[in-house]
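Dear colleague,

I am passing on a structure for you to look at alongside your own work. Please open it first, and then read the notes placed below it.

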Amino acid sequence: MTSSTAKTASVRVAFIHPDLGLGGAERLVVDAATELVACGHHVDMFTAYYDPNRCFEETKTGGFAVHTAGGWFPRHIAGRFLALCAYLRCLLVTLHIAWRCFRRPAEAYDVIIADQVAIVVPVAKLLMPRTAVLFYCHFPDLLLTQRKSLLKSLYRAPLDYLEEVSTGAADLVLVNSKFTAGMFAQTFKRLAARGVSPLVLYPAVPIPNEDTLKAAGESWQSELDPGLAEFIAGGTTFLSINRFERKKGMGLALEALHELLVVQATQPRQRPGGSAAGGSGGSGNSGSSCSSGVRLVVAGGYDPRLPENVEHLQELKDLATQMDLRELVRFVPSFTDRQRTLLLAACQAVLYTPQHEHFGIVPLEAMAAGRPVVAVNSGGPTESVAHGSAGFLCEPTAAAFAAAIQQLTDPRVAVDMGRAARQHVEGDFSRRAFGRQLDGYVRQLVEGKSGKAVAGTGRDAADGDKGRKRHPKEE
């Protein structure tokens, strides 16, 4: 416990999260819970679904308890009404928390932190009026679905309205990037008219020490599946990590590899620094002498309960077959934290393919492991990946990604960029800084509820940053 923590009382915090799996949103709430525990607070995590065999390790070792409620309610009805079912499942979780607090008033929570499903905010405030509610908006949910029919539009209309109204009921709203803050203002126009301006709290990652990275580099060949290890050792391996969802654009990684092979086949004697390296000169070595062994590992979150995961994995395999890449691509669904560490140690660089991503935790994890990142030049990665030093920001085309990959086939370029990437994350995206900032927000919410003066925003209190606007309810 830090000295600043010792000076103030512990706060009781409850998290509400729909399904506690292995995605980026889950990574953030688990990190948040772990860091608040480290700050001396009592933390409980409430969710509708939790599988101890498919979860982040910190859910077992992070010092907080995981409670499930409402899991009996279906995730969907005949493959439809996913959003409505998610709303109802989270409402059941909220009712469960309220009932616990009613039965044991001494164990009531000072702060509830919710994310993804905003409908819980007004319900929690109604049933637990002494509890402050913080809502973390990863991205407006109403932008994550298509309305291809009148029936779908009619179904979504009340849900979209409830999302905006419920989000505005929070005592404090946080978002994961400036990009999301901009989309928040464009989407929730009623809230913007009221002056509701969310604060940015960037996600963070743990920074492995040098000994951990060295050990992973020495052991990946013995710890990974023998077939996969042999495949990786056979050439220069690039890694793509994402959930197996169509919106993640993982097919772009396959298309980029195919494009690179086509360029090599048509320009086998190209000199270093040519157009295949993006026309930027430098130290990228083109041609088969350096990168003929380029290969790709596509790894990602995979849940067999979700039809899209199953379908899209097969679609990617079919795409690899169509482009004659079967011998140069391996798919790794549902890996463990340790396997992720080993894959990062084994690869040359990481390809991150989503467009307009809200933030994206994968680039941070890659850079923390000393691996450069090739990402699409839009959304959150434009705020996390330093172009030209920690990696490359590219247009979402096979040619642009292939050019960046070509440059990173040079080990010297990859090592230098990886070193710069690690320093970049250590300075701006460490979990300790994330925890201090979140701790500041939590303490200020408690002070606000108790009637004490609140000096500045949570970031001001934690890190001395005076440049951010306050949420109106902090005024």
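The notes below go from the whole chain to two individual residues.

This is a predicted model, in which local features need pLDDT of at least 70 and side-chain atom pairs count only at pLDDT 80 or more, while totals for chains, interfaces and linings use all residues. Residues are numbered from 1 along each chain as its sequence is written, and side-chain values use heavy atoms, with hydrogens and water left out.

The secondary structure comes to 20 helices and 13 strands (DSSP runs, H or I of at least four residues for helices and E of at least two for strands, numbered from the N terminus). Of the 475 residues, 55% count as buried (buried is under 20% relative accessible area, exposed over 50%, and partly exposed in between, with a 1.4 Å probe and protein chains only). Among contacts (heavy atoms within 4.5 Å) with a separation of 6 or more, 71% come from residues 24 or more positions apart.

Asn242 lies in the loop between β8 (237-241) and α11 (251-266), where Asn242 is buried, with a relative accessible area of 6%. Leaving aside neighbours within four places in sequence, Asn242 is in contact with Lys248, Met250, Ala299, Gly300, Gly301, Tyr352, Thr353 and Pro354.

Phe81, by contrast, is found in the loop between β3 (65-68) and α4 (82-103), and Phe81 counts as partly exposed because its relative accessibility is 37%.

Best regards
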